[in-house]
Amino acid sequence: YAPSDPIDCISITAGELGMTGLKSGISYRWAERGDVTEVEYQDIVAAIRSHKSFIVKPYFVIQDEDLIDEFPQLKKIYEKIKLTYKEEEQKKVAEELEKKKASQDYNLNNMLIEYNPFGTNTQSLYVYFKTDAAVKVSYTIHVKDDGISDFSRDVYQDEEYQTEHEFQVIGLIPNTENTITFYVTNEDGSTNTKEIVYEMGSLYGEEKVQLDTDIKQSADQLEDGLYVILGNDSSSMDFMYYYDNSGVLRGEVPLLGYRSNRLIFDDNFMYYSISEKKMAQVNRLGQVTKVYSLGDYSLHHDYVFDKNGNMLILATDTTQDSVEDIVLKLDVNSGEVTKVLDLGDLLGDYKKTCVRNSSDELDWMHINPIQYMGNGSVLLSSRETSTIIKVDNLYDEPSIAYMIGEKDFWEDTSYISCLLNK
């Protein structure tokens with residue numbers, strides 16, 4: 001590399017990001033997460049050798065693999081996140097935890113505690129211990145900051161009261177001491193407590209820990225859940241964030257890229273997209289138990305469960321000439337991926353009249369959400385036609401049950417008869 005050679009760097013930081021080159025003095029700017037800016041080689045190397053936080057945390061990701069290979073410490077950071085979504089690596093972590101569990105007797109005063117062992121939430125702890133009596137467990141996280149409220153959660157257990165306890169604590173605050181109080185409640189209502197202090201390190205990203213708030217009315221009626229920020233379109237590493245009702249960051253989940261379009265759940269697992277080509281299944285401990293590859297398909301916008309627990313995914317068939325007009329079925333048990341709907345088969349005459357956009361894509365339908373209606377039926381919403389489409393017999397011979405849209409748009413097509421009257 002010559003000192004002034006440009007190196008593509010993609011921002012993984014929320015909002016605007018700026019950096020001044022240590023060698024060149026050039027002012028580099030990224031307008032938002034996902035933006036790519038060319039940074040001179042000499043400035044990248046100087047930042048790495050100076051251990052600047054925007055490189056080693058990182059705030060942006062270097063897109064040049066050959067350059068990354070020159071610096072093992074940087075490659076280690078990137079690879080750590082990539083390994084999060086490799087099933088074999090996750091199994092190794094789980095096996096190590098099992099060995100530690102069997103190595104000694106863990107109790108309330110001697111708990112097995114590991115920081116984010118599976119790499120799926122930088123603000124989490126793994127906890128394991130046993131009790132003589134059957135109990136239920138809860139915890140509260142407190143920090144010495146008057147602007148950050150305490151964070152409390154009840155621990156999920158197979159039974160309300162039991163003697164073995166294995167769970168994930170979420171909600172740690174970065175770069176500070178977290179006082180965690182565990183409450184162990186017996187069936188008679190009596191409670192024992194155990195307090196530990198854990199100093200969490202830095203986040204991977206640079207998102208705000210405390211959001212600015214403007215309260216218009218009482219927040220007392222809000223459910224005690226978490227708001228999820230799903231990430232932004234990115235060709236490289238990104239994050240999903242959990243914020244509580246007070247606007248305090250309680251979870252940072254790394255993604256391989258793209259965004260997590262939504263979170264969906266069954267009895268024991270959470271599912272979300274980790275890139276355009278992959279979905280992840282994560283258990284209650286934070287372990288990635290399955291990673292699903294979509295092959296020649298790329299997902300977008302939305303996915304839901306059908307009544308049999310299969311996942312219906314909005315997708316693009318990358319072997320075809322059009323985009324965002326496919327529905328896939330993912331069997332979450334076997335990992336089998338099947339195309340169940342191609343809107344070109346239902347609306348082919350209209351598709352023939354459409355042209356490519358400025359990005360040279362035939363984005364003629366652009367399906368945004370999908371809703372499963374039962375009995376093999378789904379509702380789809382098309383951005384490009386401003387039309388809601390109900391499709392029946394999804395798994396056999398898909399057909400249009402009806403459409404809701406503007407009559408003028410469909411007036412001169414063969415699909416006018418599918419429109420519902422106002």
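What percentage of the 422 residues in the chain is buried?

1. Buried residues account for 48% of the chain. The model is predicted. Its 422 residues include 8 helices and 26 strands, and the C-alpha atoms occupy a box of roughly 75 × 65 × 50 Å along the principal axes.

2. The chain exposes about 21100 Å², of which carbon and sulfur atoms supply 43%. Of the contacts between residues at least 6 apart in sequence, 48% join residues at least 24 apart.

3. Helix α1 (residues 41-49) is mostly covered, with 7 of its 9 residues buried. The buried positions are Y41, D43, I44, V45, A46, A47 and I48.

4. The salt bridges number 17.

5. One of these pairs K101 with E98, at 2.9 Å from N to O. The two residues are 3 apart in helix α5 (residues 87-103), so about one helical turn separates them. K101 is buried, at 12% relative accessible area, whereas E98 is partly exposed, at 43%.

6. D317 and K339 also form a salt bridge, with their closest N and O atoms 2.9 Å apart. This pair links distant parts of the chain: D317 lies in strand β20 (residues 311-317) and K339 in strand β22 (residues 337-342), 22 residues apart. D317 is buried, at 6% relative accessible area; K339 is partly exposed, at 30%.

7. R383 and E384 meet in a salt bridge of 2.7 Å, N to O. Both partners are partly exposed: R383 at 44% relative accessible area and E384 at 34%. Elsewhere, salt bridges with shared partners join E98, K101 and E166 into one network.

Methods. Residues numbered from 1 in each chain as written. Predicted model: local features only at pLDDT ≥ 70, side-chain atom pairs only at ≥ 80, totals over all residues. Heavy atoms only, no water. Buried < 20%, exposed > 50% of the residue type's maximum accessible area, 1.4 Å probe, protein only. Helix = DSSP H or I, 4+ residues; strand = E, 2+ residues; numbered from the N terminus. Contact = heavy atoms within 4.5 Å. Areas by Shrake-Rupley, 256 points an atom, 1.4 Å probe, with all protein chains shown as cover. Salt bridge = Lys/Arg side-chain N within 4 Å of Asp/Glu carboxyl O.
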